[in-house]
Amino acid sequence: MSATAPSIPLHPAAGRRRRMAFGDAVLNAYVLVFFAYMFLPLLFMVAAAFNESPTPSITDWQGFTLKWFAELPADTRFVQGLLHSLIIAGGVIVLSIPLGVAGALILTRMQSKANTLLYTVLVSPVLMPGVVLGVTTMIFWRDFFSVQAGLLTAAMAQTSFIASYCMLMLMARLQRQDRTLEEAALDLGASPLFLFRRITLPFLMPTILTACLIAFLQSIENYNTTFFAIGSSWTLVTEIGSRMRFGLSPMINAIGVIFIAITIIVAVTHTLLTRRKG
Amino acid sequence: MSALIKTYGRGMTALFFALVAAWILLMILAPAFRTIQRAFIYEDRAGATAMVAIDIDRAYTEKFQLDQEAADIRALDMPAAAVTPVVPSMGVPSMGTPSAGGLPSLPSAGGATAMSLEERAARLAAIAARVAELETAIADLEAKEDTSSGEAGMQERYSFENFTTMSGIHFRIFLLTLLYAFCVTVLSFILCYPVAFVAATTESRGKLTVMLLLLVIPYAINELLRIFSWVMILEKNGILNGVFDALGLIDMEAGEGIRFVASNGAVFLVMVYAYVLFMVFPIYNTIDTLDKNQLEAARDLGASSWRIHTRVVIPHAKPGIAVGAIMTFMLSAGSIAAPEIVGRGLHPDWFSQLIYRRFFEADSWNQGSAYSLALLVACVIFIFATMRLFKVGIRDIAK
């Protein structure tokens, strides 16, 4: 633009603005295409869940049906898998939140040279491939405690990185904390436990609740790590994965519709809530 | 440390440290250490101890087969016993021979049905003798077996052999997987940078809310489902072939159709779709903090759009790009979901699948550990290279 600007010396700003408008239009058009790319495949998948055809398809439409949804509760492996998923997610939350709080408090309050090293170690599971996390956990529990891969190892493998996520969220919150309140409490003779219960925890509570939600979703949705750490047991998602590998069934689409519906509800609710606050 | 003790007292500080220590030890360092150790322990499957183990296995297999045969023969006598309720005990040989002829359809005892009662009894006795012989042999061999090493009967030693015995094909798959992951990363950046830029620079609050919502929804939808939605499109009788059919390019009625899912390219495209959004949010977050007056200023000073992006926006967004690149690369290099579900065995393996097979099909955990370690090292190298290239520290990365 710098080269062409002198050629229209009278209205350089006008020309620039026109080109900017054109550029914006192109960008916006691209954004629309991008969203179409994101959502069209998902729409196909949702549509196929309501198709009578026994293989998921939208090109071969055999009539509207809800039978794929109706069949879900009768499928014991899916129901059992959901139960396993919930057990694991519960364990992950119970472990991740205390670990995350402890890690965040140490990292934000401790001024030490070891701080960066500690930080690197504690966030490293987030940066590791899920496959590796699953494998190392499986090996560790079998070799050291003779625990075969199962629900416990799956929960442990997930906790190793979900706790890191929780810690990062809590650290962000702690960095905004006004510590004068704690100092005042100490000066007035509050015991450490009282201070933690009445000042630190209430301050962290909103983030802890968000962290619980994130930990729950991450745990339920996790595939790569769980696939290796679960052994011969299964969760809802690993079961979906193995069904997908052994042939396509519209029941998968039906589960997909439920997942997508939950996701949309959570995302929209979250957006509405934060908008009202902001 | 003193600040912590001052606020929370010794007891709670100790508790915090104990929790973090347990986390690091039990979930991060010890598992990693054991995996690395296993990666360097080679299981010799051809040495003398291994041979003993194989002999034991063979003996067990033969014993098992004989037991099965004996059970089959006895099962043959059993239904006959049911026919004559007067003689309820099944092992009694006084039943009439016609009962054997009356059950020719019993498939599991096909060979035994041809035998007469006496032959069956003789065979049972022979089996019992052989089984006793095998049992003493097994006891002998098991006494000889060297149980000092971890895996049954395999001599173990520290060496690099788990890595050096990686075949040429596997090494090629390793490199290809990394190359594909790198391409996924670059392509994801190109695809999502404009979207992140538009979202971060839009002045309309409503538009921003809608855009973020539209990005979060597919981001939060399970990876497997997003991969699966593409399988429906790329399948042999899928949507894409349906479109080709409608255009008259192929004839699906005649069974024509392109098996897109059988190619690595399909896995690659699906990975881009599945992991592109891990790039959007970090980049959006960094561009969002850019003072928009800088864009205005650059424009007023006559900078072209290209220069605005390369000199103002991208340098500012470096930490975000680094995070996005690391996440995308790590996810695609280690993804087992995409190759397993897209190709379902139709396309050449990806490295994550090789790791899976080492563990669960070849039952060679040490080699599996070595392969995992190779993948981990590749990812660590990528992380450090990215951090150097974008001149960001570890603190900027994990935000």
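Predicted model: local features only at pLDDT ≥ 70, side-chain atom pairs only at ≥ 80, totals over all residues.
Side-chain values use heavy atoms, with hydrogens and water left out, while residues are numbered from 1 along each chain as its sequence is written and chains are lettered from A in the order in which they are written.

**Interface of chains A and B**

- Chain A gives 96 residues to the contact and chain B gives 94 residues, where contact means heavy atoms within 4.5 Å.
- Three salt bridges are counted between chain A and chain B; a salt bridge is a side-chain nitrogen of Lys or Arg within 4 Å of a carboxyl oxygen of Asp or Glu.
- By this rule the count over all chains comes to 16 salt bridges.
- Asp143(A) forms a salt bridge with Arg34(B), and the closest N and O atoms are 2.5 Å apart.
- That pair crosses between chains, from helix α5 (residues 130–145) of chain A, which holds Asp143(A), to helix α1 (residues 2–39) of chain B, which holds Arg34(B).
- Glu340(B) forms a salt bridge with Arg245(A), and here the closest N and O atoms are 3.0 Å apart.

- Helices (H or I, at least four residues) are DSSP runs, numbered from the N terminus.
- Axes are lines fitted to C-alpha atoms, for helices over the stretch in contact, and angles run from 0 to 180 degrees between N-to-C directions.
- Helix α3 (residues 76–109) and helix α6 (residues 151–174) of chain A pack at an angle of about 40°, with their axes 6 Å apart.
- That makes α3(A) oblique to α6(A), given that angles under 35 degrees count as roughly parallel, over 145 as roughly antiparallel, 65 to 115 as roughly perpendicular and the rest as oblique.
- The residues of the contact of α3(A) with α6(A) divide into 20 nonpolar, seven polar and one charged; Ala, Val, Leu, Ile, Met, Phe, Trp, Tyr, Cys and Pro count as nonpolar, Asp, Glu, Lys and Arg as charged, and the others, Gly among them, as polar.
- The axes of α3(A) and helix α4 (residues 114–127) of chain A come within 10 Å and cross at roughly 155°, and the two helices are therefore roughly antiparallel.
- Gly103(A), Ile106(A) and Leu107(A) of α3(A) meet Asn115(A), Leu118(A), Tyr119(A) and Leu122(A) of α4(A).
- By class, these residues are five nonpolar, two polar and no charged.

**Helix packing in chain B**

- Helix α7 (residues 168–201) and helix α14 (residues 305–333) of chain B pack at about 140°, with their axes 9 Å apart, which makes α7(B) oblique to α14(B).
- The contact of α7(B) with α14(B) has 13 nonpolar, six polar and no charged residues.
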